[in-house]
Amino acid sequence: MDTFIKDYDKILKKHSALETNDPLDRLIAVVNEAREKIRADPSSVNTSLAALGKSVKSASQTISDEHKEVQSALTKYSKAIDKKFTAEAMSPINLHAFDNRQHILRKTIALHYIRQGNFEIGDTFAKASRVLSVKEAGLDIPDTIRHQFVEMFDIVASLKENNLEPALQWAKRHGNELEKRSSTLEFKLHRQKFLQLLEARQTQEAIAYARENFKDFGARHTQEIARLMCCILYMDRINSSPYSDLTTANSSDDIQHMFTRDFCRLLGLSYESPLYVSLTVGTQALPKIIKVASIMKAKKTEWSQESEMPVEIPLTDDTKFHSIFACPVSKEQATEENPPMMMACGHVVCKESLNKLCRGNTTQRFKCPYCPIEAMASQAKNVYF
Amino acid sequence: MNKINHDQLLALEHPFIKIPVEKLKSSLRTSQKYIEKEIANLTDKVAEISKKSAQGTMDLNQVEAALEAIGTRLSTLKRKLKDSRTDENLYSQRTKVRLQHLQDFTSISTLDSDEFSRWSRVRLNRIVVDYLLREGFRETASLLAKSEHIEDLVDIELFAQSAKVEQALTQQSCAECLQWCKENNSNLKKIKSTLEFSLREQEFIELARERRPQEAIAYAKKHLTPWQETHMKEISHVMGLLAFPPETKCYPYKRLYDKSRWNDLTALFRSNNFALQFFTPEPLLNVTLQAGLAALKTPMCYQPQNRNIYCPVCDPETLGALATDLPLSHHFNSSIVCWISGQIMNEDNLPMALPNGYVYSHSALAEMAKLNNGKITCPRTSAVFDSSQMKKVFIS
């Protein structure tokens, strides 16, 4: 990439030379010069004109040469791009997968921007779409969702200014629901407030605040509360103390993150925008898909009609949302008809593989393919991931 | 697994770099052609003046006036060039910014870094702008580009001209598109485009529809015959229209008269236009989104009891619906996700089976047991067990 950019810089230099050292200026100068000369010495008119003819020719030659040079450098560069960014045909898996679903796609996009707090984009887009096709509006995003996200971004804005009040009120209002999801948001907010007070050297107020607010969390956060109370002793040299992690700066980002995550969760939405997740996974998957598609094309086989992808696309841990069980014996994915079965030893295979291993006799002892333990197929148990 | 393969991902950015470079090339060529034409003219003029002056048919005053005229003309040329230089600078600057953007990308090393997610977000916005432009939401596209500060990373201007042509086609006028064909003649030949012929055919069809045979024949003579070597069959077909009224049921004339042919023309123009400017034929949003959805799609996404709110495909209202006609992901390897915590189960966090066969991660069950005096409640069946009843599961 470095040399690639350097090559471009060279072209750029040549190109800007066309402007700063414009040969047209030279040409104009030459013409003016001839004019002056003729005026000063009318008898030289013919020789002057002949000289002008010559210099015009040479000047125009330079102009076109200089242009051609930049031009050919660019052509070369453009070819180099094709080589570096190997341009395999980028086509969708199924050309018609989104047919008649454009309105859903638009809705997904509009929702994405509402969720990002970019309400203006969501709104303009929704408006433009409605004008375009009243029939398939699709962008009938309920106002409630919008209002909820407006609320969320208002609270986040306050958090950014270290104002915890709106977030605390929200957490209190939704205490029960948060509790059910074993969220620690409310405690974390109180903790932040406490640390803020300490950092402002309002020790008395901090202790009063702790008394008032930590008591409900005693059972769940005993140790943490003990640490918090103890750090008061070291407040003057907190950074060199065992409590150096307890600064508000450290936890401010975490709190914002935690708040948005819990907020979305109560709405039944994921923290990350689904469009973002899908596109990020898609970007990582594309190289492999393009490669397979080109191999398939070379072999003249189609796969877009198939119900399953021809290759495994590895996912990062944070984008694995469902348990996938692939039978280690048959390499097939488990289904409802062919569920995963745990043998007595704890190893899991799919039902069909199990039947093969015991040769159809469920009371016949056989050895597990992965450990020395022998057991009967009848002892195997259906498991649910 | 979390390492980024830069070359693979950079390969996807071909249009991103290619588009502005080609644009720079073509605007440079335009100004070059213009300059060459002007200079050829100038050389001729100078030759003429010196010839006339030598012959004595031009006196001093005339020579001086002629030279002054040349000077003015050159200044005009210089001024006019300024406009195309502005264009050139826009694209050369844009290429530079984009190269830098990719350069920044190569310094990101892992998929789980903040830098990568920032890059991905920019990429998402780029892709969405491209989609919006193709779908005709130019206002939204500009707004988005502006609010995300990515004006140099998207190609909003390039859609201005094509939007005009497309609009004309939807209003059943070929003139604008024919003009476009003329401007891009040599490049269209390179990709073996038949757009111009199809437009000519359409104009002929419209004349036939209006029952103006004289004009139709004259039109065909002028505009269809140049294509006889390659399109004789089509020409004879459309000529047949003169014998059939627009309401004919006779194939293939019925099809030629069909108004939907205009939509085909628009589609043909679009694909030619994209090919010429090095855009991908389909929006990158569709390409990328389909790849992502197919990689994520599992049978569980469509089973309400297995729905995961974090999974994009699990939303039946939006992405789940879009994924309907896409293939399922394919896996040779197991990866077991804890239903309670969403964590991946592995050697560090073993899967544990409860007596009812439901499997959860050790850490989630241990935490539950800790808070409930050693009791575990299966969240999917509400059955209660003692923590001693859980059993290690081995996934090989």
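Strand 3 (residues 351–353) of chain B pairs with strand 7 of chain B. The pairing is antiparallel and runs over 2 bridges. Within it, B:M352 stands opposite B:K392, a residue of strand 7 of chain B.

In chain B, 3 strands form an open sheet with the order 4-3-7. The pairing in this sheet is antiparallel. Which strands stand at its edges? They are strand 4 (359–361) and strand 7 (391–392) of chain B. Each has a single partner strand, so one side of each is left without a neighbour in the sheet. In general, strands of a sheet pair through backbone hydrogen bonds, and the pairing can be parallel or antiparallel.

Chain A also holds an open sheet of 3 strands. Its order is 2-1-5, and the pairing is antiparallel. Strand 2 (348–350) and strand 5 (381–382) of chain A take the edges. Both have a single partner strand, so each keeps one side without a neighbour in the sheet. Strand 1 (residues 340–342) of chain A is joined to strand 2 of chain A by 3 bridges. These two strands run antiparallel. A:P340 faces a residue of strand 2 of chain A: it stands opposite A:C350.

Now turn to the records. For chain A, UniProt has an unreviewed entry with the annotation "domain: RING-Gid-type" over residues 327–371. That stretch of chain A is 16% helix and 20% strand. Its end C-alpha atoms are 16 Å apart. For chain B, an annotation with the wording "domain: RING-Gid-type" comes from an unreviewed UniProt entry and covers residues 311–381. UniProt also lists residues 311–381 of chain B as "zinc finger region: RING-Gid-type", again in an unreviewed entry. Here chain B is 20% helix and 18% strand. The end C-alpha atoms of the stretch lie 22 Å apart.

Chain A has 14 helices and 5 strands. Its domain assignment gives domain 1 (2–79), domain 2 (142–266) and domain 3 (323–385). Between domain 1 and domain 3 of chain A, the C-alpha centres lie 82 Å apart. Along the principal axes, the C-alpha atoms of chain A fill a box of roughly 120 × 75 × 55 Å. For chain A the radius of gyration is 36 Å. A compact globule of 385 residues would be near 21 Å.

How do the chains meet? In the model, 115 residues of chain B are in contact with 108 residues of chain A. Which element of chain B gives the most to the side that touches chain A? It is helix 2 (residues 14–55) of chain B, with 21 residues. The residues on this side of chain B divide into 60 nonpolar, 34 polar and 21 charged.

Two backbone details deserve a stop. The peptide bond from B:Y251 to B:P252 is cis, with omega near 0°. B:P252 sits in the loop between helix 11 (228–240) and helix 12 (253–257) of chain B. In chain A, look at A:R201. Its phi is near 60°, a positive value in a residue other than glycine. A:R201 lies in the loop between helix 9 (185–199) and helix 10 (203–214) of chain A.

Last comes confidence. The model scores ipTM 0.88 and pTM 0.87. Chain B has a mean pLDDT of 90, and 100% of its residues reach 70 or more. For chain A the mean pLDDT is 86, with 95% of residues at 70 or more. Among the elements of chain A, strand 1 has the highest mean pLDDT (94). Helix 5 (residues 119–132) of chain A has the lowest, at 73. Where pLDDT is low, predicted coordinates should not be read in detail.

Methods: Residues are numbered from 1 along each chain as its sequence is written. Chains are lettered from A and ligands numbered from 1 in the order in which they are written. This is a predicted model: local features need pLDDT of at least 70, side-chain atom pairs count only at pLDDT 80 or more; totals for chains, interfaces and linings use all residues. UniProt positions are given in the numbering used here, feature names are shortened, and annotations may be inferred rather than shown by experiment. Helices (H or I, at least four residues) and strands (E, at least two) are DSSP runs, numbered from the N terminus. Two strands pair if DSSP finds at least two bridges between them. Two residues are in contact if their C-beta atoms, placed from the backbone, lie within 7 Å. Ala, Val, Leu, Ile, Met, Phe, Trp, Tyr, Cys and Pro count as nonpolar, Asp, Glu, Lys and Arg as charged, and the others, Gly among them, as polar. pLDDT is the predictor's confidence in each residue, from 0 to 100. Domain bounds come from an automatic or database domain assignment. The radius of gyration is taken over C-alpha atoms; the globule rule is 2.2 Å times the number of residues to the power 0.38.
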